[in-house]
Structures are given as structure tokens and as C-alpha cells.
Amino acid sequence: MEKERQIMIEGRNISRCFPMAQGEDFYALKNVSLFIPEEKLTILRGRSGSGKTTLMNILGALDKPSEGQVFFDGEDITKWEEDACSLMRRQKVGFVFQSVALIPMMTAFENVEYALRLSGWDGDRKERVEECLRMVGLSSRMNHMPEELSGGEQQRVAIARAIAHRPKVIFADEPTAELDSATGLQVVKIFQRLVEENGVTVVMTTHDVGFAEIGDKVFELEDGEIVSER
Ligand SMILES: Nc1ncnc2c1ncn2[C@@H]1O[C@H](COP(=O)(O)OP(=O)(O)OP(=O)(O)O)[C@@H](O)[C@H]1O
Ligand SMILES: [Mg+2]
């Protein structure tokens, strides 16, 4: 019982098959099983094409496995319709992607505020947006447009946007790939702090060997399989 409470997501025998226009079906994931611990930083590491994004999308209910099951917060979401998945994502999940994709015509503040509005947040939005931008160290850049921010600052706005509605889980797909290593490390430290101080569960992908040290839990992927776990 105690053990169950500490697991945020379980993937059980997950395979993901892509039917190909030509040739045989392609298996991007082959019988993958894993536990994502609650309130920890989990890293999915592996080379380009190893299946990190495919796995993350399935764990975050953006995609469905061809075989196997996903238990999210204790519920088997595998058979859920898209409406239910979408509601679950809105309430419990935040995504950060490699290419930041802030809305260019909105300031940092407005970008976060807009996302918070879409989530149906019913508290004081201004206060929450300011709090989130403070958490990522951008209090002094709230009125900057995305083009007036550095790459690392833009990524931090994207993190503020992803955490604003207080999701239980943040999925970050290669959030450091377009940053230099010092700025990348800064971004990873923000995730660590979110885990330690705010009890968020973070799942992050990277191909960077350096970050593997930092994760509480690290899964190594190769050709669609987990080859090691620490
Ligand atoms: N829609 C698709 N149809 C066919 N094959 C796909 C599809 N999406 C992904 N793949 C294949 O599945 C494999 C895993 O892809 P995935 O995007 O999960 O890799 P990744 O580890 O995230 O790589 P990267 O580090 O480059 O982002 C790749 O070999 C890719 O070519
Ligand atoms: Mg990827």
C-alpha cells in the first residue's frame, strides 16, 4: 500500500508500433515497463531515435501504446477516450518542449497568464503568474517580449507556464537541448527545486550524459528498450 502511494506513473509492458507506408511495422518501444516515482526527478536518457519522446508522450497521455498499460496516479488511462485524457492533462500535467514556442506577441507575464486562463484556474491569476515567474528567477523580466529574452530565459518562461496551474507532473522533452551547458544546468536546477520545494514530479528526457548524475531516477533507453535503470 505504502509503495503504491509513492508511484506517480507506471508503464506496464508498453510497445508502440508505427505502421509504415513501406516495409514492415516499426516498433519505437518494445515491451517497456517502468515506475515513475512521485515527487522525484526522473530522467529518460538515450541517443536520438531511442524512443524517449515516444515514451514520454505515452506516459503523459498525449499518445497511446499499441500494447501494454499506463497507470497515471493510480488509474489505468490506457483505454480512456481523448476527452478524458485531455481533461486529465489540463488538470494534472504540464509540458515543456525543446523548442520553446512562447506566443511572440505576448510578454512573459502574458504568456504565463494566458496558459493559466486556459487551464480554468479560478484563483488570483496575477498573483500566481508573478509567483511562477519568481520561481524561475524572472521577476525582473515579466514585461519582456519573447524576442527580448535569451534562450535560457525563454525556456524558463515556458517552465513557469507549465507549472502555473500546479500540475502534479511536469514532462520536459529535451528542455536543455538548445541551451549552452551552463544555462542547461540552470534549467535542470529549477526542476530540482520544483521537486524539492513544491513536491512536483518531473520527468525529463535528455541525450546529455552529464545530467544523468542529477536525476533521482535514471532510465537509459536504447532502440526502444530500457537497458539500464538507476
Ligand atoms: N510517427 C512515426 N512513424 C514512424 N516512426 C516513428 C514515428 N515517430 C517516431 N518514429 C521512430 O521511432 C523512433 C523513436 O523516436 P523518438 O522520437 O521517440 O526518439 P527520441 O529518443 O525522442 O529521439 P530524439 O533524441 O532525436 O528526440 C525513431 O527511430 C523514429 O524514427
Ligand atoms: Mg525526442
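The following legends describe close-up views of a predicted model.

**View 1. The four-stranded open sheet.**
Four strands form an open sheet in the order β2-β1-β4-β5, and their pairing is antiparallel. The edges are taken by β2 (26-37) and β5 (75-76); each has a single partner strand, so one side of each is left without a neighbour in the sheet. Helix α2 (residues 52-59) packs on this sheet and touches β1, β2 and β4. The direction of helix α2 makes about 55° with that of β2.

**View 2. Strand β1 and its two pairings.**
Strands of a sheet pair through backbone hydrogen bonds, in either the parallel or the antiparallel sense. Here β1 is joined to β2 by eight bridges, and the two strands run antiparallel. Within this pairing, Glu10 has Phe35 of β2 as its bridge partner. Strand β1 (residues 7-18) is also joined to strand β4 (residues 67-72), by five bridges and again in the antiparallel sense. Two positions illustrate the pairing with β4: Gly11 has Val70 as its bridge partner, and Ser15 stands opposite Glu67.

Gln69 is a residue of strand β4. Is Gln69 buried, partly exposed or exposed? With a relative accessible area of 26%, Gln69 is partly exposed, because buried residues have under 20% and exposed residues over 50%. In sequence, Gln69 and Arg12 are 57 residues apart, yet their C-alpha atoms are 5.1 Å apart in space. Not counting residues up to four places away in sequence, Gln69 touches Glu10, Gly11, Arg12, Ile14, Asp76 and Thr78. The side chains of Gln69 and Asp76 are joined by a polar contact of 3.0 Å.

**View 3. The six-stranded open sheet.**
A further open sheet has six strands in the order β6-β7-β8-β3-β9-β10, with mixed pairing. At its edges stand β6 (93-96) and β10 (225-229); each has a single partner strand, so one side of each is left without a neighbour in the sheet. On average, neighbouring strands of this sheet are turned by 20° against each other, direction ignored. Helix α6 (residues 151-163) lies across β6 and β7 and runs at about 165° to β6.

**View 4. Strand β3 and the residue Thr42.**
Five bridges connect β3 with strand β9 (residues 217-222), and this pairing is parallel. In this pairing, Gly46 stands opposite Leu221 of β9. Thr42 also belongs to strand β3 (residues 41-46). The relative accessibility of Thr42 is 0%, and Thr42 therefore counts as buried. Which residues are in contact with Thr42, leaving aside its neighbours within four places in sequence? They are Ile36, Pro37, Val202, Val203, Met204, Lys217 and Phe219.

**View 5. The shell of residues around ligand 1.**
Ligand 1 is surrounded by 13 residues, of which the closest are Ser48, Gly49, Lys52, Thr53 and Thr54. Both β2 and α2 supply at least two residues each to this shell. Which element gives the most to the shell around ligand 1? It is α2, with three residues.

**View 6. Polar atoms next to ligand 1.**
For Ser50, a backbone N or O atom lies 3.2 Å from an oxygen atom of ligand 1. For Gly51, a backbone N or O atom lies 3.0 Å from an oxygen atom of ligand 1. For Lys52, a polar side-chain atom lies 2.8 Å from an oxygen atom of ligand 1. Ligand 1 exposes 640 Å² when taken alone, and the protein buries 61% of that.

**View 7. The loop residue Glu174.**
Glu174 is found in the loop between β7 (169-173) and α7 (181-198). Its relative accessible area is 9%, so Glu174 is buried. The side chain of Glu174 makes a polar contact of 3.1 Å with the side chain of His207. Leaving aside neighbours within four places in sequence, Glu174 is in contact with Lys52, Gln98, Thr205, Thr206 and His207.

Conventions: Residues are numbered from 1 along each chain as its sequence is written. Chains are lettered from A and ligands numbered from 1 in the order in which they are written. This is a predicted model: local features need pLDDT of at least 70, side-chain atom pairs count only at pLDDT 80 or more; totals for chains, interfaces and linings use all residues. Side-chain values use heavy atoms; hydrogens and water are left out. Two strands pair if DSSP finds at least two bridges between them. Contact means heavy atoms within 4.5 Å. Axes are lines fitted to C-alpha atoms, for helices over the stretch in contact, and angles run from 0 to 180 degrees between N-to-C directions. Buried means under 20% relative accessible area, exposed over 50%, partly exposed in between (1.4 Å probe, protein chains only). A residue is near a molecule or strand if one of its heavy atoms lies within 4 Å of it. A polar contact is a pair of N or O atoms within 3.5 Å; within protein, one must be able to donate a hydrogen and the other to accept it, and residues adjacent in sequence count only if both atoms are side-chain atoms. Accessible areas come from the Shrake-Rupley method with a 1.4 Å probe; for residues, only the protein chains shown count as cover.
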